[in-house]
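Hi there,

Here is the structure I promised to pass on. Have a look at it first, and my notes follow below.

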Amino acid sequence: MIGPMSTPTELVRLRPEHVEAVSAMFEDIAADRTARRFHPHAFDRDNAIRVCSGAGSDLYFGLWVRGKPCGYGMLRGWDEGFDVPSLGIWVSPELRGTGAAKALMSFLHLAARLSGSTRIRLKVHPDNPRAITLYRSFGYRFSERLESDGQMLGMLDLQPGQ
Ligand SMILES: CC(C)(COP(=O)(O)OP(=O)(O)OC[C@H]1O[C@@H](n2cnc3c(N)ncnc32)[C@H](O)[C@@H]1OP(=O)(O)O)[C@@H](O)C(=O)NCCC(=O)NCCS
């Protein structure tokens with residue numbers, strides 16, 4: 001079979017043919033109690049269709065492992081007219097601690113740089129230490145004050161190789 005099902009590990013920009021697999025991944029994310037603090041959008045079929053449209057400048061990626069999407073990464077905000085994209089990331093519980101999240105982060109940073117961005121922003125809840133540790137390891141700096149939604153705002157100046 002040709003496509004993301006044919007290789008053991010593959011990172012792909014989401015396209016319309018991925019809607020069914022991404023809908024299933026969104027069900028996994030919605031059921032993942034450790035991802036309660038990850039809510040960039042509703043994890044429903046409408047959003048699976050939207051992020052798999054491949055339209056616009058915002059970028060949505062899936063990390064396929066043995067035929068299944070086990071990671072989700074996004075750079076969004078360009079379509080709304082912002083210069084600095086917002087990064088979001090989820091990896092399945094089975095992939096945590098494997099380096100998959102770091103690889104996905106590095107790829108998202110590269111994709112942002114190659115799209116002309118010099119900075120990235122993200123938001124994270126203060127009670128998500130695992131994500132905060134990951135982001136700090138890449139050099140993200142966090143504002144002292146929380147945003148109105150209770151999250152910390154992180155910013156990264158993109159450097160080659162980050
Ligand atoms: C956030 C997420 C992508 C990180 O992926 P991960 O595989 O768990 O991350 P890693 O193991 O590569 O790195 C996490 C770091 O936090 C550390 N860590 C683990 N548990 C921790 C804890 N309770 N407190 C502080 N640090 C912790 C790890 O040791 C690691 O640090 P190291 O690189 O110095 O060893 C993943 O946990 C996830 O998908 N969570 C649910 C969705 C989510 O919260 N997304 C972010 C929303 S802003």
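**Aromatic pairs and cores**

Phe43 is buried, at a relative accessible area of 16% (buried means under 20%, exposed over 50% and partly exposed in between, with a 1.4 Å probe and protein chains only). Please keep in mind that this is a predicted model, where local features need pLDDT of at least 70 and side-chain atom pairs count only at pLDDT 80 or more, while totals for chains, interfaces and linings use all residues. Residues are numbered from 1 along each chain as its sequence is written, and side-chain values use heavy atoms, leaving out hydrogens and water.

Rings of Phe, Tyr and Trp (its six-membered ring) pair if their centres lie within 6.5 Å; planes under 30 degrees apart are stacked, over 60 edge-to-face and the rest tilted. That rule gives 5 aromatic pairs. In one of them, Phe26 and Phe43 sit edge-to-face, 5.1 Å centre to centre with 75° between the planes. Phe26 is buried too, at 0% relative accessibility. Phe26, Phe38, Phe43 and Tyr72 make up one aromatic cluster.

Now the cores: each is a set of buried Ala, Val, Leu, Ile, Met, Phe, Trp, Tyr and Cys residues joined through side-chain atoms within 4.5 Å. The largest has 31 residues, and those touching the most other members are Leu75, Leu87, Met105, Val124, Tyr135, Tyr140 and Phe142. Helix H3 (100-114) is among the elements supplying at least two residues (helices are DSSP runs of H or I with at least four residues, strands runs of E with at least two, numbered from the N terminus). H3 gives the largest share, 7 residues.

Enjoy exploring!
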